[in-house]
Amino acid sequence: MIILETKRLILRTWKFDDAEDALKIWGNSDVMKYIGKPFENLDVAKKAMQNAISAQEKHRICLWAVVAKENQTIIGACGFHPVEDKVLEIAYHFIPEVWGKGFASETVQGCIEFAFTKLNIKKIVGFTDVENLGSQKVLEKNGFEFVEIVTGQQLSKQIKELLSLSF
Ligand SMILES: CC(C)(COP(=O)(O)OP(=O)(O)OC[C@H]1O[C@@H](n2cnc3c(N)ncnc32)[C@H](O)[C@@H]1OP(=O)(O)O)[C@@H](O)C(=O)NCCC(=O)NCCS
């Protein structure tokens, strides 16, 4: 199911046969540098697909597959995790081959518009590693503002920046 489109990209729900593409994203240690342990194999990717499909059914949101219109390949994942009523956390992960082409900014912009207009969301937050300057820039370009440095065991790394955008 197509969730939204931008000029160059389509965001859609995952299918089980996308597991190899998912592994290309979350199995890559450069992509996972600030996120966590890279997926080890296809089984882990399949489980993540299943979790995303369940989250979509339950919350109408998940990290969707980002497909380049140009060649119909999956180049990343972007979407939301539920935080609390009317508040979502945004996340975006792209394969290194496409970094620096504006895809993250374009996708995040599409997701923000979708959340505020179609999901009746009032606030979106983003957590980035303090050293993940590219990720911070993507959020700042889209209007997010720094809130605070947060620490906590629930975070994959101990110290993160919290940024937020309100409607
Ligand atoms: C962070 C990430 C999403 C950026 O994706 P991207 O498609 O390269 O981002 P964009 O091309 O839209 O770049 C947006 C801006 O950030 C800048 N930028 C991107 N990567 C950067 C980096 N490593 N250091 C500094 N600036 C960077 C770009 O130059 C651009 O700035 P500009 O508009 O002034 O030219 C991508 O590197 C990625 O997927 N990383 C791994 C996963 C990750 O860390 N996700 C975020 C978790 S919180």
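Begin by selecting aspartate 129, which is buried at a relative accessible area of 6%, where buried means under 20% relative accessible area, exposed over 50% and partly exposed in between, with a 1.4 Å probe and protein chains only. The place of this aspartate 129 is in strand β6, and helices (H or I, at least four residues) and strands (E, at least two) are DSSP runs numbered from the N terminus. The side chain of aspartate 129 reaches the backbone nitrogen of glutamate 131 at 2.9 Å, a polar contact being a pair of N or O atoms within 3.5 Å; within protein, one must be able to donate a hydrogen and the other to accept it, and residues adjacent in sequence count only if both atoms are side-chain atoms.

Before going further, note that this is a predicted model, in which local features need pLDDT of at least 70 and side-chain atom pairs count only at pLDDT 80 or more, while totals for chains, interfaces and linings use all residues. Residues are numbered from 1 along each chain as its sequence is written, and side-chain values use heavy atoms, with hydrogens and water left out.

Next, select β8 (residues 159–166), which pairs with β6 (residues 123–129) in the antiparallel sense over seven bridges; two strands pair if DSSP finds at least two bridges between them. Within β8, lysine 160 is the bridge partner of aspartate 129.

Staying in β6, pick valine 125, which counts as buried at 7% relative accessibility. Valine 125 touches, among others, Val83, Ile90, Phe144 and Leu162, with residues up to four places away in sequence not counted; contact means heavy atoms within 4.5 Å.

Now show the whole sheet, an open one of eight strands in the order β1-β2-β3-β4-β5-β6-β8-β7, with mixed pairing. At its edges stand β1 (2–5) and β7 (145–151), each with a single partner strand, so one side of each is left without a neighbour in the sheet. On average, neighbouring strands are turned by 30 degrees against each other, direction ignored.

Select β4 (74–84) and β5 (87–94), which run antiparallel and are joined by eight bridges. They form a hairpin with two residues between the strands, and lysine 86 in the turn has a positive phi of about 65 degrees. Glycine 76 has phenylalanine 94 as its bridge partner in β5, and valine 66 stands opposite glycine 76 in β4.

Helix α4 (residues 133–141) lies across β5, β6 and β8, running at about 160 degrees to β6.

Finally, turn to the ligand, which 20 residues surround, the closest being Gly100, Gly102, Ser105, Lys137 and Lys141; a residue is near a molecule if one of its heavy atoms lies within 4 Å of it. The side chain of lysine 137 has an N or O atom 2.8 Å from an oxygen atom of the ligand, and a backbone N or O atom of phenylalanine 94 also lies 2.8 Å from an oxygen atom of the ligand.

Conventions
Axes are lines fitted to C-alpha atoms, for helices over the stretch in contact, and angles run from 0 to 180 degrees between N-to-C directions.
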